[in-house]
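Please look over the sequence and the structure shown here.

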Amino acid sequence: MYNLQLLWENVAPRCCAVCGDKIDEGVFCSVCREHFVINKMVEQGEKINIIYLLYKYEREVRKFLHAVKFENKGRYLYPLGEEATVIFGCYWQELLQQYDLAVAIPTSVNRFQERGYEVPEEIFSFLNSSKMQKVLERSRVTAPLFDLNKEQREQELAGCFKVIADVTDKRILLLDDIYTTGATANEAAKTLLTAGAKYVDVLAFSAGKNNWD
């Protein structure tokens with residue numbers, strides 16, 4: 001996928017998705033990026049200890065994620081990953097040392113077959129290939145969540161994940177592309193903790209408006 005990305009850039013040099021200025025990495029220039037950055041750590045302390053949130057899920061961020069999730073435009077995953085590294089700098093290596101496994105929240109089998117990739121797994125692929133492991137999978141298909149409130153999402157997601165690897169006493173960083181109500185991440189974390197994980201934190205590329213302040 002990354003070779004295709006390089007080919008795409010040779011054909012069409014990258015420009016900021018907001019102002020159109022030429023850029024070398026990511027999807028935003030340094031000025032426009034500031035509008036979207038959250039870059040905060042939230043201590044939750046229930047099923048999930050800490051949540052790391054990078055970008056606001058709005059406007060261009062929403063458009064890019066919609067494109068990779070529903071339009072099969074996988075070429076955008078690499079620059080989105082670069083946006084994550086811009087926020088982290090060199091800190092991601094220090095962050096990852098706190099965890100035994102980095103686990104992407106999986107989509108359904110059908111959706112994966114349509115796309116050919118897991119969105120959070122690709123965005124955060126720079127973290128560490130040895131710690132990035134397939135530990136969760138969907139045990140059943142769930143209905144779309146965007147029109148459901150938090151309680152309805154929790155009901156729809158209940159029991160939808162299963163653990164397919166040993167997580168006993170493992171410190172897990174759960175990877176997500178969009179964190180809104182937290183229902184999906186909480187259900188995934190609950191499944192991991194029930195299977196014996198020591199604790200679960202979440203790293204989300206973007207977050208809904210109710211998480212910005």
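Predicted model: local features only at pLDDT ≥ 70, side-chain atom pairs only at ≥ 80, totals over all residues.

Residues are numbered from 1 along each chain as its sequence is written, and side-chain values use heavy atoms, with hydrogens and water left out.

**The sheet**

Five strands make up an open sheet of mixed pairing, in the order β1-β2-β7-β6-β3. Strands here are DSSP runs of E with at least two residues, helices are runs of H or I with at least four, and both are numbered from the N terminus. Two strands pair if DSSP finds at least two bridges between them. β1 (37–43) and β3 (101–104) are at the edges with a single partner strand each, so one side of each has no neighbour in the sheet. From one strand to the next, the twist averages 20 degrees. β1 and β2 (residues 50–56) run antiparallel and are joined by five bridges. Val37 stands opposite Tyr55 in β2.

Contact means heavy atoms within 4.5 Å. Axes are lines fitted to C-alpha atoms, for helices over the stretch in contact, and angles run from 0 to 180 degrees between N-to-C directions.

| Helix | Strands | Angle |
|---|---|---|
| α4 | β1, β2 and β7 (199–207) | about 115 degrees to β2 |
| α9 (residues 183–194) | β6 (171–179) and β7 | about 160 degrees with β6 |

**Aromatic rings**

The structure holds eight aromatic pairs. Rings of Phe, Tyr and Trp (its six-membered ring) pair if their centres lie within 6.5 Å; planes under 30 degrees apart count as stacked, over 60 as edge-to-face and the rest as tilted. Phe64 and Tyr76 form an edge-to-face pair, with 5.0 Å centre to centre and 85 degrees between the planes. Phe64 is in helix α3 (residues 59–70), while Tyr76, twelve residues apart from it, is in the loop between α3 and α4 (77–88). Phe64 counts as buried because its relative accessibility is 14%, and Tyr76 is buried at 15%. Buried means under 20% relative accessible area, exposed over 50%, and partly exposed in between (1.4 Å probe, protein chains only). One aromatic cluster is formed by Phe88, Tyr91, Trp92, Phe124 and Phe126.

**A loop residue**

Glu25 is in the loop between α1 (2–11) and α2 (30–36). Glu25 counts as partly exposed because its relative accessibility is 40%. Not counting residues up to four places away in sequence, Glu25 touches Arg14, Arg33, Glu82, Glu83 and Val86. The C-alpha atoms of Glu25 and Glu83 are separated by 7.6 Å, although the two residues are 58 residues apart along the chain.
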